[in-house]
Amino acid sequence: MLDIRNLKKSYDKKEVLHGINLVVEDGEIYGFVGHNGAGKTTTIKCVVGIQDYDDGEIYIDGVNIKDDPLRAKSITAYLPDNPDLYENLTGIQYLNFICDIFKIDKNSRSAAIETNAKEFELFDVLGDQIKGYSHGMKQKLAVISSLIHEPKLLVLDEPFVGLDPKASFIMKNKLKELCDKGGSVFFSSHVLEVVENLCNKVAIIKDGNIIKQGITEDLLSEGISLEELFLDLENNNE
Amino acid sequence: MSEFLILTKAQFKNFIFKRSSKKGLKIGSAFFTFILLFGLSIYYAFLYIDLFGYDKSSFFPYFIAYFAFLMTFIFGISNSQGMLFGFKDIDLLRSFPIKNHNIVLSKVIVYILIEYIYTLLFLMPALIIYGYRIVAGFTYYLYMVLGFISFPIIPLLLAATIGIFVKYISAGKKYSNLIQNLGTILFVGLIYFVSFKLGYSQGEGTSIDASYADIYFKYLFTCNWYIIAMLDNKFFYIILNTIIAFALLFIAIRFYGNNIIKINEKSNLGYHNTNFQFNKSIKSKSTFVTLLSKEFKKVFSNFMYLLNTSIGMIMLMLTSFYLCFFLSDEIKSMINSLSFLGQDIKTIIWQSVTLIVFLVSQMTCTTHVSISLEGKAFWLLKTLPITIKDIFISKILVNIMIIVVPSFITLLLFGITFHFEYIYYLVGIIFIILAAIFVSCLGLVINLYFPKLDFDNESSVIKRSLASFLGTFVPFVIAIINMILYFKFIDTLNLYYVIMFIYLILDIILIIYLYIKGPQRFFYIIN
């Protein structure tokens with residue numbers, strides 16, 4: 001579903017990604033962990049088309065994102081760590097906007113919005129302006145907008161920040177549901193317990209290089225936790 | 001240091017020294033903007049000083065004081081929303097052990113300090129030139145500086161009062177932005193209309209200019225005191241002005257203090273729909289119409305954006321209504337008195353209307369900050385499956401419509417009143433469309449090169465970004481060059497064809513540029 005090949009990216013001549021290679025298969029939940037400034041968000045931004053990259057290739061469902069960005073974007077959804085939305089719109093106006101962009105017909109959108117909004121307990125405030133929403137409510141609205149068009153690939157940057165425990169639980173189930181239908185999830189997180197319990201595969205990035213990646217169970221086969229593995233790798237690579 | 005001073009200092013620093021990745025460019029552009037406005041101010045001073053004369057009894061210094069008062073008032077209205085209500089630190093500040101009125105006072109002081117810059121530019125160069133011409137003594141300059149300290153306070157308090165009232169009636173309402181925009185436009189329109197009416201009624205039997213002077217003399221008495229103090233060495237008037245201004249400021253802070261905090265809270269909470277009907281809310285549009293309506297909403301739901309980019313066209317249309325419905329006979333007789341020029345009334349009116357519309361259209365640009373105003377939500381445009389071409393077209397089309405619709409109504413009103421021939425409508429509208437495409441595309445190109453996505457307050461983008469300055473200034477200069485060309489080689493339609501051809505070429509260049517280079521530039525913009 002997602003194939004990143006030798007991805008390199010520089011900011012002002014300083015290379016921050018030194019050739020990332022990573023494959024997320026269909027039906028996988030892939031966790032991406034690393035310390036602050038390791039290159040997680042930069043990698044994600046390159047995948048979803050926010051940032052250009054210097055070298056390498058990114059394929060989403062076999063589509064090179066540079067060759068056909070619209071096709072790649074139409075099957076992808078992105079949820080940033082701190083979703084800034086159109087504050088003057090109401091929740092429902094924002095969701096209608098997203099549905100219009102993804103060309104979702106009236107009946108399908110009605111059902112999708114109603115189901116998701118009720119599950120995330122946002123249905124009653126859909127008529128309110130987004131600027132009056134709390135951080136968690138904005139996060140929930142962004143989650144709904146990312147799920148509404150049933151993407152094949154869901155890319156999330158710190159998705160559980162700001163969500164209440166119930167919303168986090170629903171969110172995890174939604175990610176599993178998406179993968180059961182053949183979709184894939186690629187997300188970054190600092191909450192290692194969540195990554196350990198939720199992800200089929202994990203990659204650890206440090207200073208723009210992937211220092212460890214593989215099937216979660218294999219990586220943690222010796223009874224160590226992801227946290228211990230992460231700290232061990234961090235210390236050994238200094 | 002008192003809490004008020006600490007707060008004001010922090011607010012002012014935060015406002016002035018915003019983080020910028022291109023510090024050199026920012027300082028350079030600010031300096032360039034200041035020098036340019038200063039230059040324009042000097043140019044106008046010389047222009048009007050010759051018109052009014054420069055003896056001690058000249059009306060010139062009064063005219064400049066009235067002008068500076070009105071400009072401070074108008075700029076104050078447009079800035080009041082952003083500077084008194086746009087702040088997002090209210091929750092943080094209220095959690096500190098600071099009194100509410102000190103929070104408000106610090107905001108008002110920063111607002112006034114920033115507005116001083118505009119007043120300074122409108123007032124000082126002209127008064128210095130005038131002082132030099134009349135060989136004024138030391139006290140003239142001393143009182144000029146001392147009087148300046150209180151000068152902007154009254155117009156700014158008036159502006160803030162209107163801003164607060166409009167915000168008060170609109171905050172938390174469903175169509176709060178619409179109410180805010182209409183309310184302010186109605187207020188400004190009312191002032192405009194009353195001043196027209198008073199000027200006209202008092203102007204019967206005298207010249208309209210003289211009657212305006214009488215009205216201003218009667219109502220803007222603090223301006224008169226300021227000038228009289230300078231010219232006649234009357235320090236008493238400076239003291240009087242200062243006492244009145246600061247007393248009003250004190251009363252306003254006491255009176256508005258808690259209201260500003262409450263309105264801010266209400267406004268930040270947004271609109272709550274107590275009667276939300278889900279099924280009625282589900283609406284479907286095509287992608288392009290969605291983008292277009294998003295851009296329209298952005299312009300018409302943002303008071304400052306609308307006022308700074310489109311108010312010219314709105315006022316032009318309102319003035320046209322007034323002139324065509326109430327003053328058409330007077331215009332005809334005035335134009336008749338110009339018959340010695342050898343042209344018929346229709347041609348003169350058509351030329352005047354199209355040139356004024358053209359000039360205003362070149363100052364009407366929403367695109368020069370439209371990318372910047374995406375702000376922190378810019379990630380959405382980049383990650384959604386929309387072509388950059390569609391994004392550009394939607395932004396350009398909105399500006400074209402904002403220009404063309406009022407322009408056509410204006411042309412139509414004058415055309416019906418003064419019986420234009422069809423060719424005049426045709427040439428006029430094509431001319432305006434070409435000019436509208438030019439200013440819209442140029443604005444977008446400028447914003448692609450000078451985006452500012454990271455901001456706390458939209459006023460810093462709409463009023464003080466390099467893109468907003470260039471987007472207003474560059475088309476205006478090009479328009480002035482065309483006007484000079486026109487007046488130099490006045491030849492009715494033929495010259496219009498030449499200017500239209502020039503704009504056609506410029507439009508094609510800009511469109512090709514946006515098509516080829518635009519997406520690349522768009523992609524490089526990161527927030």
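**View 1. A:Arg5 is a partly exposed residue that pairs with A:Asp3.** In this predicted model, A:Arg5 has 38% relative accessibility and so counts as partly exposed (buried means under 20% relative accessible area, exposed over 50%, and partly exposed in between, with a 1.4 Å probe and protein chains only). Side chains of opposite charge can pair when their charged atoms come close.

**View 2. B:Lys298 meets B:Glu374 in a salt bridge.** Here the N to O distance is 2.6 Å. B:Lys298 sits in helix H13 (residues 287-300) of chain B, while B:Glu374 sits in the loop between helix H16 (345-361) and helix H17 (378-383), 76 residues apart. Helices are DSSP runs (H or I, at least four residues), numbered from the N terminus. Both B:Lys298 and B:Glu374 are buried.

**View 3. B:Glu374 also forms a salt bridge with B:Lys395.** This pair is 2.9 Å apart, N to O. B:Lys395 belongs to helix H18 (residues 388-418) of chain B, so the pair ties together parts that are 21 residues apart in sequence. B:Glu374 has a relative accessible area of 4%, and B:Lys395 is buried at 2%. Shared partners join B:Lys294, B:Glu295, B:Lys298, B:Glu374 and B:Lys395 into one salt-bridge network.

**Notes for all views.** Residues are numbered from 1 along each chain as its sequence is written, and chains are lettered from A and ligands numbered from 1 in the order written. Local features need pLDDT of at least 70, side-chain atom pairs count only at pLDDT 80 or more, totals for chains, interfaces and linings use all residues, and side-chain values use heavy atoms, leaving out hydrogens and water.

Technical notes: A salt bridge is a side-chain nitrogen of Lys or Arg within 4 Å of a carboxyl oxygen of Asp or Glu. Helices (H or I, at least four residues) and strands (E, at least two) are DSSP runs, numbered from the N terminus.
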